[in-house]
Amino acid sequence: MDTKKIIQSYWDYRSESYNNGVIENSEEGRNAWKAMLLKAVEGKKGLKVLDVGTGPGFLALLFAEMGNEVTAVDLSNNMLEKARRNALKRSLKIDFLQGDAENLQLPDAYFDVVVNKYLLWTLPDPRKALMEWRRVLKDGGKIIAIDGEWNQQSLSGRKKEENYMKIFRKQYEPIKKDLPLFSLKPEYLSKIFKDSGFGTVSITRMEDFCKFEKEKDSLFDKHDSSDPIYFIKAEK
Ligand SMILES: C[S@@+](CC[C@H](N)C(=O)[O-])C[C@H]1O[C@@H](n2cnc3c(N)ncnc32)[C@H](O)[C@@H]1O
């Protein structure tokens, strides 16, 4: 099986229990996320937003609740099913599409913002993905990405996740060498953003936010929060 197919089948399987706080997060938790995201888009609403690797729709739902027009793409049909159900629970209209973040079937210069959370680490060709995201962005459009410098120790941290971790290791161990950002390093990430044509790139650690989320036990699905998580912003 090729790498992409392995990834797709893992997330199809993983969708069974993966919700990552989309619906469960408290009002307070969701408001904290929205405040952070609103700041990143300079307080604007009514934007055309693309969430790539949406999973159960975490960012897609937040951006839709904030009054934006949201399209959300994922490789896994099972994840998309879950995301559709989550959007329905919140009475939100989001355009969900099956697709590959590295090869989008979407028009040039259409979106104001491309967002993604916990996707970069699992891309075989992140440069290609960045060029695709740049292609679908309007001039002056923004990328907002959230990802971490994951390490295997913390990945196996949670008891309740043991079964999933077994399958995770079985599927990802043979392919992790093909995933350049499997454990993301900010300097390298900054370089590939620049190589892909982004002028301004900022990468900041989400320390305070992670502390808040850890107290609420809502941000992290499969690891403890000692791994650095980064908030990455870039402009076309
Ligand atoms: C760790 S989950 C994150 C989901 C969601 N963004 C969140 O924060 O809860 C990674 C998601 O990326 C999706 N994915 C992986 N590779 C992809 C690709 N090449 N194109 C689109 N989606 C992809 C997986 O199917 C999975 O739903």
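**Note on the cavities and the ligand**

1. This is a predicted model. It holds 2 cavities of 30 Å³ or more. The largest cavity has about 390 Å³ of space. Its lining is made up of 26 residues. Closest to the centre are Gly53, Gly55, Asp74, Tyr118 and Leu119.

2. Which helices and strands each supply at least two residues of that lining? They are helix H1 (3–14), strand S1 (48–52), helix H3 (58–65) and strand S2 (69–74). H1 gives the most, with 4 residues.

3. Sort the lining of the largest cavity by class. There are 14 nonpolar residues, 7 polar ones and 5 charged ones.

4. Now turn to the ligand. The space it takes is the largest cavity. Around the ligand stand 20 residues. The closest of them are Gly53, Asp74, Asp100, Ala101 and Lys117. H1 again deserves a look: the largest share of this shell, 3 residues, comes from H1.

5. Look next at single atoms. In the side chain of Asp74, an N or O atom is 2.6 Å from an oxygen atom of the ligand. Asp100 has a polar side-chain atom 2.9 Å from a nitrogen atom of the ligand. With Lys117 the backbone is involved: one of its polar backbone atoms is 2.8 Å from a nitrogen atom of the ligand.

6. How much of the ligand's accessible area does the protein cover? On its own, the ligand has 600 Å² of accessible area, and the protein covers 100% of it.

Conventions:
Residues numbered from 1 in each chain as written. Predicted model: local features only at pLDDT ≥ 70, side-chain atom pairs only at ≥ 80, totals over all residues. Heavy atoms only, no water. 1 Å grid on protein atoms, 1.4 Å probe; cavity = no way out; pocket = protein on both sides within 12 Å on 5 of 7 lines; lining within 4 Å. Points joined across faces, edges and corners; volume = space filled by probe spheres on them. Nonpolar A, V, L, I, M, F, W, Y, C, P; charged D, E, K, R; others polar. Near = heavy atom within 4 Å. Polar contact = N/O pair within 3.5 Å; in protein donor to acceptor, adjacent residues only side chain to side chain. Areas by Shrake-Rupley, 256 points an atom, 1.4 Å probe, with all protein chains shown as cover. Sits in = over half its atoms within 2 Å of the grid points.
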